[in-house]
Amino acid sequence: RPIREEDLIAAAKGTVASSKNKTKDGKADSRAQKVAVNKTFLRHFRKLLAIAFPTIKSQQGGYLVGLSLLLLLRTWLSLKTTQVMGSIAKRMVETEVKPLAWAIGELAMWAVPASAVNSGLRYTTSLLQLTFRRNLTKHFHHKYLSQQNFFKSVGLGAVDSVDQRVTSDVQRFSDEAAEIYTTLFKPIVDIALFA
C-alpha cells in the first residue's frame, strides 16, 4: 500500500511529540522509549516476517528445512557425545587404560561431525539472514523510492534517519529474526526428546 501524505504528517506529529519527551539535558525520557511486546508489535512483526519470508516454497523455506535438519542432527550428536563422555568418566573411575583410550578416540571421532554441523548451522543461519535482508531491502527501497515517498518523509521530517532505517535497522531485524528460529527450535526439540 503506498504511503499517503496523511500518514507522513501523522508520523511527523508523533516525532514532534516524542521529541518533547526529552529531559533538560537533551536525553530522551526513558518512559517514551519503552518498547512493549503487545498486539501492535506482533502485528508489525508478522508483516515484516511475511515480507522477509514470503512462502514455505521460497528459497527461505529451503534454508529453514535445512536449518531444522541440522538442528535435529546437532541434538542427536549432542546425545552421542554425552554418552561417550559418560563412558569416559566410567573408564576413568575403573582406571582401565586401554578402554579409556578407546573412549577418548570415540569422543574425537564424534567431535569432527559435531563441529561440521555447528559450522553448517552458522552458515545456513547466515544464508537465511541474507535472504531476509535482501527481501526487506528490496521492499523498502521500492516503497521509499516510489511516488517520491522518500523525499516527502525527509522533507516533512516525518521519519528521522531514513537511510539508517533502510540499511542497518533492516540488517538488525534480519539477523534477529533468523536467530529466533534456532534459539526456539533446539530447546523445543530437547524438551520433546527428553520428556
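I started with H4 and H8, whose axes come within 10 Å and cross at roughly 45 degrees. Axes here are lines fitted to C-alpha atoms, for helices over the stretch in contact, with angles from 0 to 180 degrees between N-to-C directions. Helices are DSSP runs of H or I, at least four residues, numbered from the N terminus. H4 and H8 are therefore oblique to each other, oblique being whatever is left after under 35 degrees (roughly parallel), over 145 (roughly antiparallel) and 65 to 115 (roughly perpendicular).

Note on the source: this is a predicted model, where local features need pLDDT of at least 70 and side-chain atom pairs count only at pLDDT 80 or more, while totals for chains, interfaces and linings use all residues. Residues are numbered from 1 along each chain, and side-chain values use heavy atoms, leaving out hydrogens and water.

Next I listed who makes the H4–H8 contact (heavy atoms within 4.5 Å). On H4 I found Leu64, Leu67 and Arg74 among them, and on H8 Tyr181, Phe185 and Asp190 among them.

Of its 22 residues, Leu67, Leu77, Leu121, Leu128, Phe132 and Leu136 touch the most other members. H5 (97-145) supplies at least two residues, as do H4 (59-94) and H8 (168-194). H5 gives the largest share, 9 residues.

Last, I checked Ala108, which sits in H5 and is partly exposed at 43%.

How values were computed: Core = buried A, V, L, I, M, F, W, Y, C linked by side-chain atoms within 4.5 Å. Buried < 20%, exposed > 50% of the residue type's maximum accessible area, 1.4 Å probe, protein only.
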